[in-house]
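Here are some notes for a colleague who is opening this model for the first time. Please keep the sequence and the structure in view while reading the points.

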Amino acid sequence: MDIFRTKSVEQSIRDTETPEHQLRKRLSAMDLMVFGIGVIVGTGIFVLTGQVAKEVAGPAVALSFVVAAVVCGLAALCYAEFASTIPVAGSAYTFSFATLGEFPAWVIGWDLILELALAAAVVSVGWSGYFASMLDSVGIHLPASIAGDDPVVNVPAVAIVLILTAILVAGIKISSRVNLILVITKITVVLLVIVAGLFFVKAANYTPFIPDPVASPRVEGLKAPLIQVLFGVTPVAFGVIGIFSAAAIVFFAFIGFDIVATAAEETVRPQRDVPRGIIGSLAVCTILYVAVSLVVVGMQPYKQLSTSAPLSDAFTAVGHPWLAAIISVGAIAGLTTVVLVLLLGQTRVLFAMCRDGLLPRRLAVVHPTFGTPARLTVLIGLVTMALAGFVSFGELAELVNIGTLFAFMVVSVGVIVLRRTRPDLERAFRVPMVPLLPILSVLACLYLMLNLPLETWLRFVVWMIIGVVVYFAYGYRHSRRGAVPGR
C-alpha cells in the first residue's frame with residue numbers, strides 16, 4: 001500500500017486551475033496581515049490572560065507569552081517558506097503532501113480539523129460571555145439557560161457562527177472587509193486598555209513577579225502536564241515551571257498566523273505577500289500581548305483576576321465600569337474576527353482534502369456566483385454551531401493547542417525534507433540556517449506539547465486513531481493519487 005505517495009508541487013498548483021475547484025485571487029499582503037491580526041488578537045488578550053495569571057503563572061504571564069511567541073516565530077519562518085513555494089489552499093496539509101506523503105498529509109489534515117473546528121467553537125463561547133457581559137452593563141440580562149456559565153444551549157455562540165458562516169459564503173473579499181472593520185475596532189480598544197490601564201498600575205501587584213511554586217490539585221492525576229508525569233516531577237503551579245505550563249496554554253492565543261497560509265491560493269502575489277502576512281501579523285500581536293498582560297496584572301493582584309472577562313472586570317474593580325463596557329465592545333469585535341478567520345481556515349483545509357479525493361470531492365465545488373466553497377462552508381458552520389452550543393470553553397482550549405503544535409512540528413520537518421528532495425524549486429522566502437532553525441522549532445513545539453495535561457494527550461491520541469480509521473475506510477480508496485497511477 002503506497003500510503004506515502006507524494007503530490008508534486010507542480011501538480012498541486014495545476015489542481016488550482018480546474019474551473020469547478022478554482023478559488024478567486026482577491027487578497028493582498030495587507031488583507032493577509034489583517035486576517036492574521038484578526039485571528040491572533042482575541043482569546044489570548046480578552047480571555048486567557050486572567051485565567052493563566054491567576055491559576056498557573058502569576059504576573060510572569062508576560063514571560064509565558066514571550067515563550068509562546070518564540071516557538072511560533074520559529075514555526076512561522078517555516079510556514080512562510082512553504083507558502084511562498086506552494087501557494088495552494090490547505091496550509092500544513094498541502095505542505096505535508098508535497099514532502100512526506102499522502103498518509104502523513106491526511107494525519108495533518110485530520111489534525112487541522114481538530115484544531116480549527118474546536119478553536120472556532122471555543123472562541124465563539126468566549127464571544128458569548130463578553131456579549132452577555134456587555135448586555136448586563138446596559139441592564140439587559142440574558143437567561144442563564146442560554147448564555148450563563150453552564151447554559152443548556154449557548155444561543156449567542158450559535159448565532160455568531162451562523163452570521164459569520166453567511167459572510168464567508170458571500171465571498172472572500174467581503175469577508176476581508178468585514179474583518180478589517182472589526183480589527184480596527186479591537187486594536188483601538190487594546191491600545192485604550194494599555195494606555196488607560198497604565199494609570200491604575202500598582203508596583204506592588206508585580207511582587208512576587210514569579211510566585212513560589214505550590215502544589216495544586218489542578219495539575220494532579222490526568223490534569224498533570226505530561227513532562228511532569230514522565231519525569232516524576234511533583235505537580236505544581238507557578239514558579240518557573242508555571243511559566244512554561246502557562247506558555248503551553250496561552251499558545252492558543254497565537255493560533256492564527258498559520259491560517260494566513262491557508263489563503264495563499266486566493267492571494268494575488270502569494271510568493272511575496274504570504275510571508276509578509278504571516279511574519280508581520282505575528283510580530284504585531286506579540287507586542288500587544290506582552291503589553292496588555294503586564295498592564296492587567298499590574299492593575300489587580302493576580303489572585304483576584306477574573307478568568308472569564310479579565311480586562312473589563314479589571315477596570316470595573318478600579319472603579320471605571322464605563323471603560324469595562326468599551327472593552328466588552330472591543331472584545332466582541334476581537335473574538336468575532338477570530339471566529340471568522342478560523343472558519344475560513346477550516347474550509348480551505350477541508351477544501352484541499354476534498355479536492356484530492358481524501359474526502360468527498362463534491363464538497364469542494366466552488367459556488368459559481370460567490371467563488372467560495374459554499375457547501376463546505378455551510379457544513380463546517382453547522383458543525384461549529386453544534387459544538388459552540390453545547391461545549392464549554394475550558395474543555396477544549398488545550399486540545400486545540402496540541403493539534404496546532406503537532407502541525408507546526410510537521411511543517412518544520414517538511415522544510416528540511418523539501419530542501420533535500422527539491423533544491424531546484426524557486427523559493428521567494430527561505431528559512432535561514434536550515435536545518436538548525438527548523439530543528440529548534442520541532443524541539444520547542446515538542447517541549448510545549450509535553451507541558452500539556454495527560455488527559456489532553458489521551459484525547460488527541462483517540463482523535464488520531466479515529467482519523468486513521470477514516471483514512472483507510474475512505475480516503476485511501478478514493479484518493480486521486482491512487483486513482484491515477486504515476487500522477
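**Notes on a helix crossing and two spaces**

1. The axes of helix 6 (residues 102–137) and helix 19 (residues 454–478) cross at roughly 125° and come within 10 Å, where axes are lines fitted to C-alpha atoms, for helices over the stretch in contact, and angles run from 0 to 180 degrees between N-to-C directions. Helix 6 is therefore oblique to helix 19, given that angles under 35 degrees count as roughly parallel, over 145 as roughly antiparallel, 65 to 115 as roughly perpendicular and the rest as oblique. Helices are DSSP runs of H or I with at least four residues, numbered from the N terminus.

2. This is a predicted model, in which local features need pLDDT of at least 70 and side-chain atom pairs count only at pLDDT 80 or more, while totals for chains, interfaces and linings use all residues. Residues are numbered from 1 along each chain as its sequence is written, and side-chain values use heavy atoms, with hydrogens and water left out.

3. Where helix 6 meets helix 19, with contact meaning heavy atoms within 4.5 Å, the residues of helix 6 include Trp 106, Trp 110 and Ile 113, and those of helix 19 include Trp 463, Gly 467 and Tyr 471. By class, the contact of helix 6 with helix 19 has 15 nonpolar, one polar and two charged residues; Ala, Val, Leu, Ile, Met, Phe, Trp, Tyr, Cys and Pro count as nonpolar, Asp, Glu, Lys and Arg as charged, and the others, Gly among them, as polar.

4. The second largest pocket has a volume of about 360 Å³; on a 1 Å grid over the protein atoms alone, a pocket is an open set of points with protein on both sides within 12 Å along at least five of seven lines, a cavity is a set where a 1.4 Å probe fits but cannot get out, and lining residues have an atom within 4 Å of a point. Of its 18 lining residues, Ile 113, Leu 114, Ala 117, Val 383 and Trp 463 lie nearest the centre of the pocket. Helix 16 gives the most to this lining, with five residues, and the lining divides into 16 nonpolar, one polar and one charged.

5. Three cavities of 30 Å³ or more are found in a search of the whole structure, and about 70 Å³ of space lies in the largest cavity. Its lining includes Lys 7, Tyr 93, Arg 355 and Asp 356, and helix 5 gives the most, with three residues.

Technical notes
Points joined across faces, edges and corners; volume = space filled by probe spheres on them.
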